[in-house]
Amino acid sequence: MIEFVNAKLNLGLNIVGKRSDGYHNLETIFLPVGHKSKNVECDNPLCDMLEIIKSNDDNDEFITFGNSINCQPEKNLVWKAYQAFKNACPIEISKHKIYLEKHLPDGAGMGGGSANATFTLKLLNKLNDNILSDDKIFSIALSLGADCPFFIYNSPCFATGIGEILEPIDLDLNGYWIAIVKPEVSISTKEAFSMITPKKPMTDLRNLVKLPIETWKEHIVNDFEHSMFSLHPEISGIKKCLYDNGAIYASMTGSGSAFFGIFRSKKDAENAISKSDHRFKCVVEF
């Protein structure tokens, strides 16, 4: 069984408080982007490809293709998701072969690893006659990463807590085009949070996205941008380039280094990324 694993974008990201467990509370809107979109045109496809099949062999097998993954297989979130799934099952399940073809960029803030983990859980559950409840799948996903539960819903959501409290919202960007640029620099979550001073936003993001999209650039912010621009000044030019070439709204996504711009036409979006010499860049339609 094969699944095409999409990414996510953050529309606004406010860090609102430090928790006693060392994590931070946040407010953001998660948007799925990639394979679920109507058109995908990229140097690399904006999705990963995940295949899981039952096996009669004596051992489980996990094989990766595509972009290199900078970790040992046993530390990959796909493998961790598989082990967590097996441990949660009330009976012993058969062995499986797992193949992951990797295209989504790492360190981008687009949730590629989290998406792979959650899609692994969902696909395993299908293959094993839904042996685990939806609540159990959610619980395992959350144990693997704060972004993982979003990919269970995989539709626009307002997220609070550490990103696990999800409220589906009605947000229609149908007809708009998204240009995405990922520079060579990658930003770790630890690095991103180390320079943040939490503060509560004056206006709820759920209300801000109801404003005309032309006004979003004055109101919707990613709190990581200011500190990341000071650490990596070269990436601030990506956002400027998107705006200079017609973006209605542009932002860094998540705590990573990828930037996206929202455009009215495919032509404008393609023109914007043509001005970038970064390796990973693509245009998708919502």
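Predicted model: local features only at pLDDT ≥ 70, side-chain atom pairs only at ≥ 80, totals over all residues.
User: How many aromatic pairs does the structure hold?

Analyst: A pair of aromatic rings is described by the distance of the centres and the angle of the planes. Rings of Phe, Tyr and Trp (its six-membered ring) pair if their centres lie within 6.5 Å; planes under 30 degrees apart are stacked, over 60 edge-to-face, and the rest tilted. The structure holds 8 such pairs. In one of them, the ring centres of F150 and F151 are 5.1 Å apart and the planes lie at 70 degrees, so this pair is edge-to-face.

User: Are F150 and F151 buried or exposed?

Analyst: Buried means under 20% relative accessible area, exposed over 50%, and partly exposed in between (1.4 Å probe, protein chains only). F150 is buried, at 0%. F151 is buried, also at 0%. Ring pairs link F30, F150 and F151 into a cluster.

User: Which parts does the pair of F229 and F259 tie together?

Analyst: F229 and F259 are stacked, 6.0 Å centre to centre with 15 degrees between the planes. Helices (H or I, at least four residues) and strands (E, at least two) are DSSP runs, numbered from the N terminus. F229 lies in helix α8 and F259 in strand β12, so the pair ties together parts 30 residues apart in sequence. F259 is buried, with a relative accessible area of 0%.

User: Which ring does the charged end of K217 sit over?

Analyst: A charge sits over a ring if NZ of Lys or CZ of Arg is within 6 Å of the ring centre and within 35 degrees of the ring normal. K217 has its charged end over the ring of Y243, 4.1 Å from the centre. For K122, the ring is that of F119, with 4.5 Å to the centre.

User: Where does N154 lie?

Analyst: N154 is in the loop between α4 and β8. Its relative accessibility is 8%, so N154 counts as buried. The side chains of N154 and N6 are joined by a polar contact of 2.8 Å. Such a contact is a pair of N or O atoms within 3.5 Å; within protein, one must be able to donate a hydrogen and the other to accept it, and residues adjacent in sequence count only if both atoms are side-chain atoms.

Notes. Residues numbered from 1 in each chain as written. Heavy atoms only, no water.
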